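Visitor: I'd like a close look at one part of this model. Let's go for the charged pairs and the places where they turn up.

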Amino acid sequence: MVDCIYEIANGVHLNYIETKKFKTNYVSFNFIAPLSEKTVHYNALLPLVLTRGTSKYPTQMELSKRLQYLYSADVGVSNNKYGSCQVFGLKANMLNNRFANDIDINQETIKLICDMIFDPYLENGVFSKAYVKGEKQTLIDGIEAQINNKGSYAFDRMISEMCKGEAFSIPRLGRLENVKRITSKSLYGAYKRAIEQYPIEIYVVGDCDIETFANELKSRFVDIKRKPIDISFEPIKENVESVKQIVDYEKVKQGKLVLGFRTGYNYTENKYHLIQLFNEIYGGSPTSKLFMNVREKMSLCYTCRSTVSQVTGMMGVNSGIEFDKKEIAEKAIIDQLEDIKKGNITKEEFESAKKSIINGYKSIYDSQSAMANWVFYRSLCGISTTPLEECEKIEKTTIAQIQEIANRIKLDTVYFLRGEDSND
Amino acid sequence: MIKDLVVTESQLLEEKHYRFKHKSGLEVYVFPKDLTTSYAIFATRYGSMDNKFKLSTDKEFTIVPDGIAHFLEHKLFECEGGIDAFELFAKTGASANAYTSNTMTGYLFSATDNFYESLEILLDFVTHPYFTEETVQKEMGIIGQEIGMYEDRPGSRLNKELLKALYKKNKIRIDIAGTCESIAKINVDILYKCYNTFYNLNNMTLAVCGDVDVDKVNEICDKILKVAKPIEIIRDYEDDDEPKEVNKKRAYLQMDVSKPIFSIGIKDTNISKCPKERAKKSYATEILNEMLFSQSSSFYNELYDANLISIDFSSGCELTKYYSFNVISSESSNPELVYKKFVDYVEETKKKGLDKESFDLAKKTIYSSNIKSFDSTEEIGDKLIFNVFDDFDILDASDVINSITLEYVSDILKEGYKEEYYTMAVVEPLADKK
């Protein structure tokens with residue numbers, strides 16, 4: 001998919017996916033760090049502070065006006081967990097030059113984003129105290145607001161219980177007490193570490209003068225002494241000693257039941273298409289076993305779906321149910337898995353699931369960010385196939401292979417978020 | 001050959017679409033787009049607001065339970081013989097869905113292969129209802145859980161409360177999914193009554209976007225659709241005496257949230273009958289929002305620095321022929337103070353006047369975001385149908401945006417921003433957690 005790769009500096013690459021289909025150009029800057037209690041909160045905070053001001057446009061107001069002037073490039077921050085790694089940085093979507101006759105939108109926007117990363121607004125050689133204080137508050141508000149969305153809160157709680165002791169249990173935004181201790185100086189130290197030591201992958205998807213961008217980037221690294229660290233994933237846990245049952249009580253009207261499974265899948269096998277196909281049949285679509293049985297036949301819930309992770313090999317099943325339906329829903333969800341383990345997959349189910357996955361893979365070519373993310377995240381697992389190549393693998397899969405995958409799956413944790421009283 | 005095929009083009013956007021009236025009575029739009037995914041949405045002018053209606057040939061109005069349009073959307077997926085429409089789409093690989101809003105119900109799919117087969121399925125299942133008392137009963141359990149899910153979402157509760165504070169009569173007050181009590185009154189007869197009224201093809205539109213051939217779409221319409229008898233639907237929105245002022249000044253609600261969340265609503269009852277004029281006002285209000293409340297505004301920066309609003313601070317306007325309001329919302333430790341500052345800021349800006357530089361920048365932003373919205377078949381299809389139902393063509397948007405002047409935006413500020421038009425809804429943390 002990637003048309004060319006430029007080595008910008010030691011451990012820094014610019015990846016260009018050329019396409020003329022879109023009216024915009026997409027850029028993402030991805031810093032790759034080990035997910036660690038010591039650094040997660042710094043890395044979560046950094047993008048927020050970097051987008052507050054540059055030495056040329058020191059305030060948010062000036063920076064925003066400059067972005068508006070450049071036909072409103074949408075600049076966003078990113079911060080994701082990917083297995084035992086943390087990926088954070090900036091991304092932007094800008095209008096293609098052909099829609100403006102007064103300025104070179106692409107080059108000017110790219111310069112501005114480079115300024116945010118390499119020439120941030122500083123006071124006495126460190127980040128502005130006011131900006132750090134303000135963005136710390138933003139991060140704290142974000143951590144505290146996780147309780148607002150009960151569905152995702154329940155899912156995160158399941159992960160933290162299931163993966164106790166594993167890096168993946170570390171929360172993406174860091175912990176409150178650690179965020180509070182960050183200072184302008186310590187954050188600047190974290191910034192230096194990011195610029196000098198973390199691998200950096202930059203993606204551009206669209207139609208622009210990539211040579212000029214590569215040169216712009218190279219010039220920014222001239223004075224930076226790069227000593228990139230090696231990034232590797234923690235080994236994936238496959239065994240389950242005993243199933244954990246966790247119940248939390250909160251003020252909710254609907255119970256949120258989340259089941260966590262270990263699939264025994266390891267990304268080094270390079271067989272992700274199998275686990276995705278399994279998931280599609282089990283609970284990934286409106287014709288999946290979970291949807292058709294737990295929702296449609298048993299009328300237990302509105303939501304009941306499963307998701308799998310390529311990098312951790314974990315599977316989660318989410319559902320929203322009445323408080324007194326927990327046992328029956330849990331059993332129904334497990335029964336559907338047992339069914340697949342026995343090989344009870346009809347030809348129709350199997351062909352439908354294949355088509356649905358292929359449909360999803362092919363549509364990746366219609367989104368610039370999806371294309372960039374496809375290549376980037378797979379490259380972290382050492383996988384370099386394109387969506388079309390994965391489609392071919394899906395075509396060749398057999399029911400027996402899916403049954404085999406299902407038989408490796410083990411229930412690890414059952415988490416239930418419920419209210420005190422009955423809800424009818 | 002299609003009779004009376006209308007082609008509309010926008011040079012600036014490098015886009016065009018075809019429109020024709022199929023002989024069945026259905027209005028069809030085809031928007032060619034060279035992407036991998038093609039999208040189709042088949043929609044009826046029927047939403048949660050349509051609970052009192054009759055045909056021009058009827059004597060009496062029919063009044064139906066709240067939430068029935070949404071209930072009907074769920075039930076249409078069930079086909080004769082107990083098959084689910086999702087199963088049919090599964091055979092083609094298309095990804096299907098549906099949604100109900102205040103004024104429309106849409107059935108849709110996106111597909112990278114087998115587009116025309118999927119289109120047949122879409123047109124077929126929506127035009128073939130099949131309800132039994134037993135399946136209607138079963139659906140109540142599922143929708144009950146859907147209502148429960150939204151009840152646990154602060155953003156959705158806040159929005160409901162805001163609409164009730166803004167409006168006294170307007171049927172936008174009705175919850176789209178209804179309530180467990182209201183949907184309990186639904187039965188097969190009422191479902192068919194609503195279906196036969198609103199799913200008449202003359203009340204519907206099909207919009208497709210992608211690498212699609214207009215003649216083939218016409219052929220599939222020929223194959224699947226039967227000619228529908230033209231009808232005239234009379235809807236009673238019972239909002240003749242909707243006051244200009246808001247219904248109430250405040251709405252409070254307690255939920256398990258970390259910090260209060262507020263929405264300030266600005267009510268606008270001055271809705272033009274001319275679709276282009278409505279579109280112009282809608283884009284002008286977006287420009288005004290960008291000037292007054294975006295990250296480049298003094299308001300945002302002052303309040304953000306004082307930790308009175310959060311990074312999720314946002315503004316947005318909704319303007320259709322049925323209702324019009326503007327909303328600003330955020331998390332805040334002190335919503336009342338934000339409200340006061342909002343009122344003062346607007347008054348001060350009115351006195352000082354809007355400045356040309358920030359107008360030009362804001363207009364550039366809206367110009368750009370309009371162009372950006374033409375990169376996805378799904379986004380184009382949804383936007384197209386939403387605007388068609390408001391009698392506006394999205395290919396005219398760039399010209400409309402270009403025609404907006406600083407004076408025009410200043411007039412909206414002067415006339416539309418008065419205290420009696422403002423209200424605020426707040427979701428507060430639970431008393432024992434404050």
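How many salt bridges does the structure hold over all chains?

Guide: Bear in mind that this is a predicted model. Counted over all chains, the structure holds 61 salt bridges.

Let's start inside chain A. R220(A) pairs up with D115(A), and their closest N and O atoms are 2.8 Å apart. R220(A) sits in helix 8 (residues 210-221) of chain A and D115(A) in helix 3 (residues 105-118) of chain A, so this bridge ties together parts that are 105 residues apart in sequence.

D50(B) belongs to the loop between strand 4 (38-44) and strand 5 (52-55) of chain B, while R235(B) is in strand 10 (residues 233-235) of chain B, 185 residues away. Why do the two partners end up with different labels? Buried means under 20% relative accessible area; D50(B), with 3%, is therefore buried, but R235(B), with 22%, is partly exposed.

D175(B) bridges to K160(B), with the closest N and O atoms 3.6 Å apart. D175(B) lies in the loop between helix 5 and helix 6 (180-183) of chain B, and K160(B) lies in helix 5 of chain B, so the bridge ties together parts 15 residues apart in sequence. Both D175(B) and K160(B) are buried. They also belong to a salt-bridge network, where K253(A), E151(B), R157(B) and K164(B) join K160(B) and D175(B).

In one example, the side chains of E14(B) and R98(A) come to 2.9 Å, N to O. There are also 37 residue pairs in polar contact between chain B and chain A. On the chain B side that touches chain A, at least two residues each come from helix 2 (85-92), strand 8 (105-111), helix 4 (133-151), helix 5 (154-166), helix 10 (298-305) and helix 12 of chain B.

In all, the contact takes 66 residues from chain B and 64 residues from chain A. The two chains bury about 5,300 Å² between them, with 49% of it on carbon and sulfur atoms. Q145(B), D152(B) and K372(B) account for 13% of what chain B buries against chain A, more than any other three residues.

While we're on helix 12 (residues 356-372) of chain B, look at N370(B), which lies in that helix. N370(B) is down at 2% relative accessibility, so it counts as buried. Leaving out residues up to four places away in sequence, N370(B) touches L13(B), Y283(B), K383(B), A397(B), S398(B) and I401(B).

Back in chain A, there's a boundary within the chain to check. Chain A divides into domain 1 (4-221) and domain 2 (244-418). The contact takes 32 residues from domain 1 of chain A and 36 residues from domain 2 of chain A. About 2,700 Å² is buried between domain 1 and domain 2 of chain A, and carbon and sulfur atoms give 70% of that. Y82(A), M162(A) and Y203(A) supply 26% of the area that domain 1 of chain A buries against domain 2 of chain A, more than any other three residues.

What about charges here? Three salt bridges cross the interface of domain 1 and domain 2 of chain A. Elsewhere on the list, E166(A) and R262(A) meet side chain to side chain at 2.6 Å, N to O. Between domain 1 and domain 2 of chain A, 11 residue pairs are in polar contact. The elements that each supply at least two residues of the domain 1 side include strand 3 (24-34), strand 4 (74-82) and helix 5 (150-162) of chain A. Helix 5 of chain A gives the most to that side, with 10 residues.

Definitions and conventions:
Residues numbered from 1 in each chain as written. Chains lettered and ligands numbered in written order. Predicted model: local features only at pLDDT ≥ 70, side-chain atom pairs only at ≥ 80, totals over all residues. Heavy atoms only, no water. Domains from an automatic or database assignment. Contact = heavy atoms within 4.5 Å. Buried area = accessible area lost by both parts, 1.4 Å probe. Salt bridge = Lys/Arg side-chain N within 4 Å of Asp/Glu carboxyl O. Polar contact = N/O pair within 3.5 Å; in protein donor to acceptor, adjacent residues only side chain to side chain. Helix = DSSP H or I, 4+ residues; strand = E, 2+ residues; numbered from the N terminus. Buried < 20%, exposed > 50% of the residue type's maximum accessible area, 1.4 Å probe, protein only.
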